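Subject: Structure handover and findings

Hello,

Please find the structure below. My notes on what turned up follow it.

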Amino acid sequence: MTAATAPAREPSTRMKSALQWIALHVFAIAAVLFFVLPFVFVILTAVMSDQQSLTGDLWPKPFVWHNLVDVWHTAGFATWWRNTLIYAVVGTVLTLLSSIPVAYALACFRFRGRNIAMMAVIATMMLPPQVAIIPLYLVWSKDFGLTGTLWPLIIPMAFGDAFSIFLLRQFMLTVPRDYLEAAKVDGCSDLQILLRVVIPMVRPAIAAVGLFQFFYCWNDYFGPQIYTSENPAAWTLSYGLQSFKSAHHTNWNLTMAATLLVMAPVIIIFFLAQKAFIEGVALTGVKG
Amino acid sequence: MGQWRRRTRASPALRARRRRETLRTVAFLSPWLIGTGLFFIYPLITTAWLSFSHYDGFNSPTWVGLTNWHYVFTAYPFFWPAMRNTLWFVVVLVTARVITGLALGMLVLKIKRGSTLLRTLFYAPFLAPPVAGTLAFVFLLNPGTGAVNQLFAKLGLPQPGWFTSPAWSKPALTLLALWGVGDLMVIFMASLLDVPRELYEAAELDGAGAVNRFRHVTLPHLRPIIGFAVITGVIATMQYYTQPLVAGQVASGQIGGSGQQVEPGYPDGSTLTLPQLVYNLGFQRFDIGSACVVAMVLFVFSMVFAAFLMRRRSGFMGED
């Protein structure tokens, strides 16, 4: 046995890897603090008393848990919650119902202009909402009188969402042709193929797209600001939260309590659906 | 024997089938076709047309040619600050996010124990509603009583004005954006995992240190995904609206809402972005023509970058 079987671990190499280990973990701890502390401070401030929140104190003394209840009962909060839920749930369902057939056609049908259609989908993905907002607002308010409601936000979701279509289509491309051909030989119509072959095989993508759309609606500020600001009964959480801050200008404790109540559902759903979510995000990078 | 093709007319059955297939394709595509017409093409044409008109939302629009364009580019006081800010954000935000996302991705992959927990913790803030996150950061970076400045004071460091200081407001927004870098981190992690292990081993055997391994093995493999992240980041940053708007309003203590004059881009126009101008011109000043001018500028920039994206990603379309 010679010394050539394994490289000798000189003390300097050991030191170097020890230093690397320390540096790595120091960075990790610093990063964790940066990402977690904002949440922690929001929670701590949310349960402070009115006077204490004006000071620079970091630890509540005493813990006023009641703030959370008070904020919930504040005029409108429950309404905002309900509106946001309606917007997010209905919007997500409509998006999926309309985007899946489109993605299916773009992935599995052969037709002239398929590439152009794909490029058009991508182009609409890149369109800033502010470009289209003014004519759309004019139509919704003058021709339909639907401003001050959630309809201008929800109805467009029945016509497919470019990002969802894109992601679903990329995933559907991975369904092996043989399955499709076999089903066709068995006499299935295109619709049946979609329902019985393709959808079951792309379930993770559907879940991911559904979650993305849900969070997009939940977190949307610009849409509700434009269409619902004139009618507080239609406000969503994002817009309501900002107006709450204006109303409770110096009461940071209450504002943080409201902020917590707005952030919490999203974080909770995330923790429950983590795997689906993160896989979906990774998909956008790999398949995009 | 020469092979020359003759244009034969397809049989009626074949033509019927082709017609059926076209119908079927259109049927499946119909939601999107209608949607694109209603919510993309129609607004685009109307916005372009309105940019050449004087329209206050009440009286009929009247054609005024390039008047609005001239106004926005020369007389509207907020346009060029917003352009400069948007450029600042595009350069700084995108770069910082890409570098941080990559660094965090590599960090999480290196730390084997608890990596799932780390990944969750780093990703979670990305989901926080932008308004909520902005409020949290404005609170934390409060110059007087915020936790960050208190810590700085204890350490004897200078305490920046953050969201109340024209010089620090954009860096403060950058911190907020970095807090939400989780989505990029996850995308980079997926790509990092794709790099074949053997390449690293070969490089190590050749005596390459960590830095060289990164430069010659990791980076080349990540180039496409970094390109993708940069371009989509630029496009997203052109639409940067909610965080700067809310931060400016909250930090200034002014109340927003349609028709009320709020100092845009508090402090001193340092947080103004192009999308905010559309709102300011259209919904607060009721100068719809000029709002559409800004909207067209936004559109042109976005499509230029979208074209970049499509050219780089030749494999975008997928197998045919």
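In this predicted model, the side chains of Asp183(B) and Arg97(B) meet in a salt bridge, at 3.2 Å from N to O. A salt bridge here is a side-chain nitrogen of Lys or Arg within 4 Å of a carboxyl oxygen of Asp or Glu. The pair links distant parts of the chain. Asp183(B) sits in helix α8 (residues 182-194) of chain B, Arg97(B) in helix α3 (residues 79-110) of chain B, and 86 residues separate them. Helices are DSSP runs (H or I, at least four residues), numbered from the N terminus. Both Asp183(B) and Arg97(B) are buried. Buried means under 20% relative accessible area, exposed over 50%, and partly exposed in between (1.4 Å probe, protein chains only).

Some conventions. Residues are numbered from 1 along each chain as its sequence is written, while chains are lettered from A and ligands numbered from 1 in the order in which they are written. Since the model is predicted, local features need pLDDT of at least 70 and side-chain atom pairs count only at pLDDT 80 or more, whereas totals for chains, interfaces and linings use all residues; side-chain values use heavy atoms, with hydrogens and water left out.

Other salt bridges

The count over all chains is five. Lys184(A) pairs with Asp190(A), their closest N and O atoms being 4.0 Å apart. Lys184(A) is partly exposed at 48% relative accessibility. Asp190(A) is buried at 16%. Glu181(A) bridges to Arg177(A), with 3.8 Å between the closest N and O atoms. These two are four residues apart in helix α9 (residues 177-185) of chain A, so about one helical turn separates them. Glu181(A) is partly exposed at 43% relative accessibility. Arg177(A) is partly exposed too, at 32%.

Two packed helices are described by the angle between their axes and the distance between the axes. Helix α13 (residues 237-247) of chain A packs against α4(A) at an angle of about 155°, with the axes 8 Å apart. That makes the two helices roughly antiparallel. Axes are lines fitted to C-alpha atoms, for helices over the stretch in contact, and angles run from 0 to 180 degrees between N-to-C directions. Angles under 35 degrees count as roughly parallel, over 145 as roughly antiparallel, 65 to 115 as roughly perpendicular, and the rest as oblique.

Which residues of α4(A) meet α13(A)? They are Phe77(A), Trp80(A), Trp81(A) and Thr84(A). Their partners in α13(A) are Leu237(A), Gly240(A), Leu241(A), Ser243(A) and Phe244(A). Contact means heavy atoms within 4.5 Å.

There is also a nonpolar surface patch, formed by Leu85(A), Ile86(A), Val89(A), Val90(A), Val93(A) and Leu97(A). Together they have about 470 Å² of accessible area. Patches take residues with over 30% relative accessible area and no salt bridge: like charges are joined within 9 Å, nonpolar side chains (Val, Leu, Ile, Met, Phe, Trp, Tyr) within 5 Å. Areas come from the Shrake-Rupley method with a 1.4 Å probe; for residues, only the protein chains shown count as cover. Val89(A) lies in helix α4 (residues 77-108) of chain A. Val89(A) is partly exposed, at 39%.

Helix α12 (residues 274-284) of chain B has eleven of its eleven residues buried, so the rest of the structure largely encloses it. Among them are Leu274(B), Tyr279(B) and Phe283(B).

Ser169(B), in helix α7 (residues 169-179) of chain B, is buried at 0% relative accessible area. Ser169(B) touches Trp162(B), Phe163(B), Pro267(B), Ser270(B) and Thr271(B), not counting residues up to four places away in sequence.

Most residues other than glycine have a negative phi. Please look at two residues with positive values. Phe286(B), which follows α12(B), has a phi near 55°. Phe286(B) is in the loop between α12 and α13 (288-312) of chain B and is partly exposed at 40% relative accessibility. Asp268(B) has a positive phi of about 60°. Asp268(B) lies in the loop between α11 (242-252) and α12 of chain B. Asp268(B) is exposed, at 65%.

Best regards
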